[in-house]
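Welcome to the tour! Open your viewer, keep the selection tool at hand, and follow along stop by stop.

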Amino acid sequence: MYTSFLVLLIAAIGGGTARASQCACATGHLHLRHEPGTSHGIITTLEPQQCLPYSGQQHVADGYTWFHLYYNGQDAWAASNWLTVQDCSQPELQLPGCPRIITRAEWGARPPANHIGDMPNVPVYVFIHHGDSSPCFDENSCKSKVRGYQNYHLDGRGWSDIGYNFVVGEDGNAYEARGWTKIGAHTKHYNSVGIAICFIGNFENHVPNTAALTTVQQLIQCGLDNGKISPSYTLKGHRDVGSTSCPGTSLYQLIQGWSHYVSGTSQYNGGSLVG
């Protein structure tokens with residue numbers, strides 16, 4: 001899900017304190033620094049419309065007002081002249097019964113390269129994937145992995161954005177990718193009728209830890225309870241509908257015991273299933 005970037009004039013903020021649920025979003029390419037002031041080292045450069053959590057703290061230095069942000073778990077500062085502020089709590093993600101979902105702004109997502117359409121109807125499939133990568137067990141490492149997946153999908157694959165709807169790490173967190181309602185790029189022939197949940201790691205020879213498995217099952221149940229997944233949904237592994245080893249043999253064998261799993265390789269085409 002992508003929040004509309006409602007621009008709040010920096011001048012209107014004055015010396016007040018912003019809510020912790022706010023994010024600051026770059027209006028152009030913007031240096032992120034270790035401390036307020038142009039002489040301090042550059043951590044990275046934000047892309048236009050890239051958002052980071054904003055603490056509400058401000059500091060004046062070198063003729064600029066600097067906003068205190070959080071980047072990859074560390075303190076960072078950026079000049080307010082090239083920032084807008086928005087609410088990044090994203091209520092649609094904070095649905096009752098959901099596990100913790102790290103927003104795109106929180107993990108440092110790049111903006112989509114192109115417009116991404118909405119799913120025409122409530123998804124009737126849930127696909128389980130793995131990222132076929134090394135694992136992660138803490139939030140900072142998992143954020144880095146998700147950024148890596150997005151970079152690969154944007155730069156390596158030439159896609160509009162990270163392909164999955166959600167990504168889950170063995171830190172027990174879910175990470176917003178395209179969210180509940182945006183069409184993904186994950187499972188050929190099924191992108192507009194199903195959501196994809198990707199486990200970070202490679203699960204050919206072992207299954208994800210309990211934290212990750214529990215989070216995925218909670219995420220699916222949350223989608224069901226809040227009308228984001230059809231009550232009659234079908235659960236599949238990626239290899240059920242494509243020529244791939246994803247989501248890894250051990251994980252694939254495990255999900256065959258989950259509720260709503262149905263084996264088979266039928267193809268979805270225009271509202272009907274064709275073999």
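Between which two elements does the loop that holds D132 lie? Select D132 and you will find that this loop runs between β9 and α3 (139–156). Helices (H or I, at least four residues) and strands (E, at least two) are DSSP runs, numbered from the N terminus.

Before we move on, two notes on reading the picture. This is a predicted model, in which local features need pLDDT of at least 70 and side-chain atom pairs count only at pLDDT 80 or more, while totals for chains, interfaces and linings use all residues. Residues are numbered from 1 along each chain as its sequence is written, and side-chain values use heavy atoms, leaving out hydrogens and water.

**Stop 1**

Most residues other than glycine have a negative phi, and most peptide bonds are trans. D132 counts as exposed, at 52% relative accessibility. Here buried means under 20% relative accessible area, exposed means over 50%, and partly exposed is in between (1.4 Å probe, protein chains only).

Next, select H189, in the loop between β11 (174–176) and β12. H189 is not a glycine either, and its phi is near 80 degrees, a positive value. With 37% relative accessibility, H189 is partly exposed.

Now show the backbone of C246 and P247. The peptide bond from C246 to P247 is cis, with omega near 15 degrees. P247 sits in the loop between β13 (234–237) and α5.

**Stop 1: the cysteines**

How many disulfides are there? The count is two, where a disulfide is a pair of cysteine sulfur atoms within 2.5 Å.

Select C98 and C222 for one of them: their S to S distance is 2.0 Å. The link between C98 and C222 is left-handed, with -75 degrees about the S-S bond. C98 lies in the loop between β7 (83–87) and β8 (101–102), and C222 lies in helix α4, so this pair ties together parts that are 124 residues apart in sequence. C98 is buried at 18% relative accessible area, and C222 is buried at 1%.

Then select C136 and C142, whose sulfur atoms are 2.1 Å apart in a disulfide. The torsion about their S-S bond is about 100 degrees, so this disulfide is right-handed. C136 is buried, with 2% relative accessibility, and C142 is buried at 0%.

**Stop 2: the nonpolar cores**

Colour the nonpolar side chains. A nonpolar core is a set of buried Ala, Val, Leu, Ile, Met, Phe, Trp, Tyr and Cys residues joined through side-chain atoms within 4.5 Å. The largest one has 29 residues, and V126, I128, W180 and F199 have the most contacts inside it. Two or more residues of this core come from each of β9 (125–130), β10 (166–168), β12 (194–199), α4 and α5 (249–255). The largest share, six residues, comes from α4.

Zoom in on F199. Leaving aside residues up to four places away in sequence, F199 touches a list of residues including I128, Y149, V168, L213, V216 and W258; contact means heavy atoms within 4.5 Å. A second, separate core of 15 residues includes C142, Y149, V167 and C198.

**Stop 3: a residue on α4**

Select T215, in helix α4 (residues 210–225). Is T215 buried or exposed? T215 is buried, with a relative accessible area of 4%. Beyond residues up to four places away in sequence, T215 touches P99, V168, G172, N173 and A174.

**Stop 4: aromatic rings**

Finally, show the rings. There are 10 aromatic pairs. Rings of Phe, Tyr and Trp (its six-membered ring) pair if their centres lie within 6.5 Å; planes under 30 degrees apart count as stacked, over 60 as edge-to-face and the rest as tilted. Y252 and Y261 form an edge-to-face pair, 6.4 Å centre to centre with 80 degrees between the planes. Y252 is buried at 14% relative accessible area, and Y261 is buried at 14% relative accessibility. End your tour at Y64, W66 and W82, which form one aromatic cluster.
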